[in-house]
Amino acid sequence: MKLSKRLNAINSLITQSYDIVWDCCCDHGFLGMALLERGIAKQINFVDIIPELMEALEQSLQQFEQGKSLPSWQVRCEDVAQIKLPTAAKQVVVIAGVGGDLCLKLIEQIIANNPQSLHQLSFIICPIQHLYKVREGLKACNLKLENEQIIVENKRFYEVLHVSVNASQTLTQTGGQMWDKHNPQHHLYQQQLLDHYTRMLNKDRLYYQKVITEYQRVFEC
Ligand SMILES: C[S@@+](CC[C@H](N)C(=O)[O-])C[C@H]1O[C@@H](n2cnc3c(N)ncnc32)[C@H](O)[C@@H]1O
């Protein structure tokens with residue numbers, strides 16, 4: 001299974017064996033299929049809200065599994081905000097390829113609906129844009145940092161974050177670990193963020209000036 005750079009980064013982060021991996025907002029299901037092939041979890045749950053996509057995925061998975069001995073899998077056509085997590089299972093919820101606002105909303109609802117599963121749960125996310133706000137929201141949910149990285153794909157920048165309530169590292173809004181001052185791409189990403197938030201200054205000068213100042217300092221630590 002050939003994955004995009006972004007999905008491959010997520011795939012590489014899943015190194016522990018889990019009871020369940022949730023490939024949420026899965027669309028084509030490529031990530032979950034790669035995980036099935038690796039046999040890294042006892043079960044892979046594919047979740048998306050579009051029925052036609054999920055019917056096509058169900059068929060692809062039935063063909064994909066022919067002649068192979070794969071872990072179990074489920075295709076679930078539902079709103080990710082409503083998923084019910086088992087309480088006694090080590091699981092990771094992956095949400096990639098959706099906007100930052102939606103990604104955060106889904107995480108907040110999953111947490112609110114599944115308080116008893118939190119101790120064995122982590123999230124791996126790769127939202128599209130608005131990472132500063134997403135990170136603010138994750139902090140408000142008491143999530144801490146396992147791992148974070150910047151991924152460049154087709155000249156677009158993404159942040160991949162692995163977070164959980166049990167992690168020990170503090171999550172920062174601008175990313176404390178992911179910046180490499182020797183990497184020119186990271187300087188380009190910083191400049192894009194600074195340009196974006198400079199354009200936002202007229203919306204709320206005080207707030208966005210603080211954001212800009214924080215992004216100006218990312219290479220200092
Ligand atoms: C661009 S695809 C992302 C595919 C894949 N995760 C990736 O990163 O390449 C976004 C998917 O999110 C799904 N989606 C959006 N909101 C959702 C929700 N509330 N519950 C389930 N799926 C949702 C859409 O149907 C769409 O298939």
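Biologist: What relative accessibility does Glu78 have?

Modeller: Glu78 has 22% relative accessibility, so it counts as partly exposed. Buried means under 20% relative accessible area, exposed over 50%, and partly exposed in between (1.4 Å probe, protein chains only). This is a predicted model, where local features need pLDDT of at least 70, side-chain atom pairs count only at pLDDT 80 or more, and totals for chains, interfaces and linings use all residues. Residues are numbered from 1 along each chain as its sequence is written, and side-chain values use heavy atoms, with hydrogens and water left out.

Biologist: Thanks! Which residue forms a salt bridge with Glu78?

Modeller: That's Arg76, and the closest N and O atoms are 2.9 Å apart. A salt bridge here is a side-chain nitrogen of Lys or Arg within 4 Å of a carboxyl oxygen of Asp or Glu. Arg76 is partly exposed because its relative accessible area is 21%.

Biologist: How many salt bridges does a search of the whole structure find?

Modeller: It finds six. Another one of them joins the side chains of Arg135 and Glu159, at 3.0 Å from N to O. Arg135 lies in helix H5 and Glu159 in strand S7, so this pair ties together parts that are 24 residues apart in sequence. Helices (H or I, at least four residues) and strands (E, at least two) are DSSP runs, numbered from the N terminus.

Biologist: Are Arg135 and Glu159 buried or exposed?

Modeller: Both are buried. They also belong to a network of salt bridges that links Arg135, Glu148 and Glu159.

Biologist: Ok, Glu148 then. Where does it lie?

Modeller: Glu148 lies in strand S6, and it is buried because its relative accessible area is 6%. Its side chain makes a polar contact with the side chain of Arg135 at 2.8 Å. The side chain of Glu148 also reaches the backbone nitrogen of Met178 at 3.4 Å. A polar contact is a pair of N or O atoms within 3.5 Å; within protein, one must be able to donate a hydrogen and the other to accept it, and residues adjacent in sequence count only if both atoms are side-chain atoms.

Biologist: Back to H5. Which of its residues are buried?

Modeller: In H5, residues 131–140, the buried ones are Leu131, Tyr132, Val134, Arg135, Gly137 and Leu138. They pack against helix H4 (100–113), strand S5 (121–128), strand S6 (144–153), S7, H6 and helix H7 (205–216). Just after H5, Asn142 takes a positive phi of about 65°.

Biologist: And Gln173, where is that found?

Modeller: Gln173 sits in the loop between strand S7 (156–164) and helix H6 (184–199). At 13% relative accessibility, it counts as buried. The side chain of Gln173 makes a polar contact with the side chain of Lys139 at 3.5 Å. Leaving aside neighbours within four places in sequence, Gln173 is in contact (heavy atoms within 4.5 Å) with residues including Leu131, Tyr132, Glu214 and Tyr215.

Biologist: What does Glu214 pair with in a salt bridge?

Modeller: The side chain of Glu214 meets that of Lys210, at 3.1 Å from N to O. The two are separated by about one helical turn, because they are four residues apart in helix H7. Glu214 is partly exposed, with a relative accessible area of 23%, and Lys210 counts as partly exposed at 39% relative accessibility.

Biologist: New topic, the ligand. Which residues around it come nearest?

Modeller: Of the 18 residues around the ligand, the nearest are Arg6, Cys25, Asp48, Asp79 and Val80. A residue is near a molecule if one of its heavy atoms lies within 4 Å of it. S4 gives the most to the shell, with three residues.

Biologist: Which atoms lie 2.8 Å apart there?

Modeller: A polar side-chain atom of Asp79 and a nitrogen atom of the ligand. A backbone N or O atom of Val80 lies 2.9 Å from a nitrogen atom of the ligand, and one of Ile49 lies 3.2 Å from a ligand nitrogen atom. Taken alone the ligand exposes 610 Å², and the protein buries 80% of that. Accessible areas come from the Shrake-Rupley method with a 1.4 Å probe; for residues, only the protein chains shown count as cover.

Biologist: Nice. Last one: where is the place of Glu58?

Modeller: Glu58 is in helix H3, and at 29% relative accessibility it counts as partly exposed. Not counting residues up to four places away in sequence, Glu58 touches Trp73 and Val75. Glu58 and Trp73 are 15 residues apart in sequence and 9.8 Å apart in space, C-alpha to C-alpha.
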